[in-house]
Structures are given as structure tokens and as C-alpha cells.
Amino acid sequence: MEKRFDVLALGELLIDFTENGESAQGNPLLEANPGGAPCNVLAMLQKLGKRTAFVGKVGRDMFGTQLRAAAEEAGICMDYLLADESVHTTLAFVKTFPNGDRDFSFYRNPGADMMLRADELPAEAIAGARIFHFGTLSMTHPEVRQATKKAVELARQSGALISFDPNLRPPLWDSLEDAREQIAWGLGVCDILKIADNELEFMTGETDFDRGAAVLHSRYPQIRVLNITAGADGSYSYFDGGRVFVPSFRLGGTIETTGAGDTFCACVLNYVLEHGIETLDADARREMLRFANAAAYLVTTKKGAIRSMPERGEVDKILENN
């Protein structure tokens, strides 16, 4: 069948409240930035000219309305965004440290994104995507976990590639063992993996990237694109016993890192869409990581994520000048 969407993502859509100065009384001012990892990924893909759609749930409240408008403004198809009548939109409060790292406090007990049910999934839309992308915030609770796993099953049946980003947020899990179990499930079904250094250690016990990647490849041999992000250091791609490393762009101006990993992930998916997954040799992976690192750097120079994604020309300019 002809695919309607290049990438369809399922998961959380939420408000990231980020610090933005102080009031005249000395109180912190918080900016309500639209976010949520899956939609961040889609927003960057839209900047790169891809057709995207989102599946999820927000509250029927002012924040849900704001999120729908922001995602539609970004060009993402939001026909499959549902509104819960009784549970409010999830909120995240982001504490930013001087080096750009963050600490999250979530108001999600429950949050509307947790309320998505398997019987609410748009099966035809999921089957109409070339790539299906998900993370683990849609696997923290039984009902939305069931919906996520059903969506992955539908996508696989349609021949879609499966993309997975663990996006570990410990405060949202009842136990870290539960988190480890669900991440392991995601690792076992994906073709494309973006995993952060702390998540690699969490799942393998290894701080050495080469050893950690070897553990993942031995446990999950179906993963064809295994990328590890190492924050300000750069990123790695592992394949058939080989490894490519590309350092990050340290050009100054970093404000916060929200959305950087999602931007990186989107650029990788874009590269796979444009070049295929079967012929990614070392040179291709180096090119893929370099573009993804440049785009991720640009996002760190702005607040928020969905409305902060760079244009392709901005990324190309970074690459040309560095």
C-alpha cells in the first residue's frame, strides 16, 4: 500500500514549563513551551520536509488546546490527537542548570497522555506510515502500555520500520525494574535505536560505549541502526562490529538541552528515509551523525523544542562553516 506518512509517532504531548527570568517581585517566571519527545521528533522532521502524524491524548483544557495549535502550526497531522474529558494535560517543570542540563518535575498522576487506550488507535493511519516512532513515557502505566504495544504490532504488520528512544524519566515509573523491563521490550522490537549514555549504562551495566553496544547487539540482533548520544561529547553509531564517532558542535550560546536528543533522533530518521537502511556504511553514518549533531546543537541555543527546531538551511550553514 502507498504510505501516507513518512513517520507516525505515539506518546506524550505536554507542556514544558521552563525558567525565563524573574518578575519585578523576584519570583521565577516560567514559559509554557509545547513539548513531549515524540512530537519534538515530528516537528524536526517537518522542518526537513517529511510527512508526519501524531497519536496521543491531551486534556480538554487550555494546555491541550495550546498543544494542538502548536503542533498543527509545525505542520504535524493532528487528526489522531484525542482530548480526555476528565484528566488534565500533563505538565513538566524543567529546572535548567548552568551547563544546560535539566531536572524534571512532572504533574502526571494521572496525566491525559496516560489515558490512551488500545481501542482508540487509528489502525489505518498507523499502517500508513513508513516509520513508527515511540518511547517509554507511553509505557509507564498498563492501559497506555497496551495501546503502545498494539500500535507497534500494527506498524510491524504493515512493514514499517520501528524507531525507539527509551527517554528514561525515573520519577514517572513505579519502580526502576518496571522501567528496565519495558525498555527491554522496546529494544527487542525496534529497527532504529537512539539511546543516551545514561540509558545504555542502565540497561547494560556498562559505562564503556563499545562494551555496552556489544551487549545490546548480542541481546537484540534485529537492531540495524544503533546510535548512542553522549551529550556534549558527541554521538556514536554501531554496525556489524564497526563504530563511527562524530564530536558535537561546541560553538557557544547553549541555553538548555531540552529537545536536543529528539532533534538528533529526527535527523537520523530523516537520513534513513532519504537513503534507506540497508546501505548505511561508515561514511554514510558519519554524514548522518554530523547533520544530527549540528541540528541538536542549534536547538540548545533556544528554549523549548517544538517551536525551536532549525530549518535545514541553518543546519547546512553550521556544517559548511565548521
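Biologist: What makes the approach of the Thr89 side chain to the backbone nitrogen of Gly64 a polar contact?

Modeller: The backbone nitrogen of Gly64 lies 3.3 Å from a polar atom of the Thr89 side chain, and a polar contact is a pair of N or O atoms within 3.5 Å, one able to donate a hydrogen and the other to accept it (residues adjacent in sequence count only if both atoms are side-chain atoms), so this pair qualifies. The side chain of Thr89 also reaches the backbone nitrogen of Gly59, at 2.9 Å. This is a predicted model, where local features need pLDDT of at least 70 and side-chain atom pairs count only at pLDDT 80 or more, while totals for chains, interfaces and linings use all residues. Residues are numbered from 1 along each chain as its sequence is written, and side-chain values use heavy atoms, leaving out hydrogens and water.

Biologist: How do you know whether Thr89 is buried or exposed?

Modeller: Thr89, in the loop between strand E5 (77-84) and strand E6 (91-96), has a relative accessible area of 5%; buried means under 20%, exposed over 50% and partly exposed in between (1.4 Å probe, protein chains only), so Thr89 is called buried. Its contacts (heavy atoms within 4.5 Å), leaving aside neighbours within four places in sequence, include Leu13, Val58, Asp61 and Ala112.

Biologist: Why are E2 and E3 said to pair?

Modeller: Two strands pair if DSSP finds at least two bridges between them, and 7 bridges join strand E2 (residues 14-22) to strand E3 (residues 28-35), so these antiparallel strands meet that requirement. Within this pairing, the bridge partner of Glu19 in E3 is Leu30, whereas E2 and E6 run parallel and are joined by 4 bridges.

Methods:
Helices (H or I, at least four residues) and strands (E, at least two) are DSSP runs, numbered from the N terminus.
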